[in-house]
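Here is a short briefing on a protein chain. Look at the sequence and the structure first, then read the points.

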Amino acid sequence: MFAVLKTGGKQYKVQSGDTLRVEKLAANAGDKVQFNEVLMIGGDSPVVGSPVVDGAGVQAEVIEQIKGPKTINFVKRRRKHSSKRTKGHRQQLTLVRVTDILASGADKSGVMAAENGAGFGVAAVVAAAAAPKKAKKADAPKAEAPAEAPKKEAKKAAPKKAAAAAGADDLKELSGVGPALEKKLHENGVTTFAQIAAWTPEDVADMDEKLSFKGRIEREGWIAQAQEKTKG
């Protein structure tokens, strides 16, 4: 009597006492497992499943967890990167010994079903799959996120308040002064018309050198304009 079973995407023709290397099963050495996907039962009265034989099963004992022969994979990329990589792989397998072939009644045998998986035991597989989900739900609420908005608003409002407190004039009212030039003047401590009105020739030369004005102060008549502003 023989059976054709399916596990790990492959089909095997087995008899009682055969030793098989199948895709890794979630079981420990010494455990008894049962393959329930039986496609055919052969012998004096063969039975072909559609696709499986109802109530049939193949029972086996797990001998040990092993690894298959090493395979080498070579990858070379020529365009742009011109890189190459050699990678080895050994497939994880389970060595089992067939102990019994059941033509019927396998669904009531009570033997653990043979399932493919990286963990050992069905409970371990279920626990490993459920643990990350619980952790994500626990970490979901974040109370610190809303607190960032007031900080940004405070940073944006701070320069305006500082300028108002210093009593800075709108230097853009001077001829040839735009926002960028006004910013440079502020960076060099010039914020009011009174400061510009009090400039001496030495101050004008110093400011020309610092900001590369190239005679703009005298050419545009900033000092005279600033004096008029202060009088008003």
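Predicted model: local features only at pLDDT ≥ 70, side-chain atom pairs only at ≥ 80, totals over all residues.

Residues are numbered from 1 along each chain as its sequence is written, and side-chain values use heavy atoms, without hydrogens and water.

**Whole chain**
- The protein chain has 7 helices and 9 strands. Helices (H or I, at least four residues) and strands (E, at least two) are DSSP runs, numbered from the N terminus.
- Of its 232 residues, 26% count as buried. Buried means under 20% relative accessible area, exposed over 50%, and partly exposed in between (1.4 Å probe, protein chains only).

**Sheet**
- An open sheet holds 4 strands in the order β2-β1-β5-β6, with antiparallel pairing. Two strands pair if DSSP finds at least two bridges between them.
- β2 (10–14) and β6 (47–48) stand at the edges with a single partner strand each, so one side of each lacks a neighbour in the sheet.
- β1 (residues 2–7) and β5 (residues 38–42) pair over 4 bridges. Phe 2 stands opposite Gly 42 in β5.

**Helix α3**
- In α3 (residues 179–187), the buried residues are Leu 181, Glu 182 and Leu 185.
- They cover an arc of only 100° around the axis, which puts them on the same side of α3. The arc is that of the directions from the helix axis to the C-beta atoms.
- The face turned away from the buried side of α3 carries the exposed residues Pro 179, Ala 180, Lys 183 and Glu 187.
- Gly 189 follows α3 and has a positive phi, near 85°.
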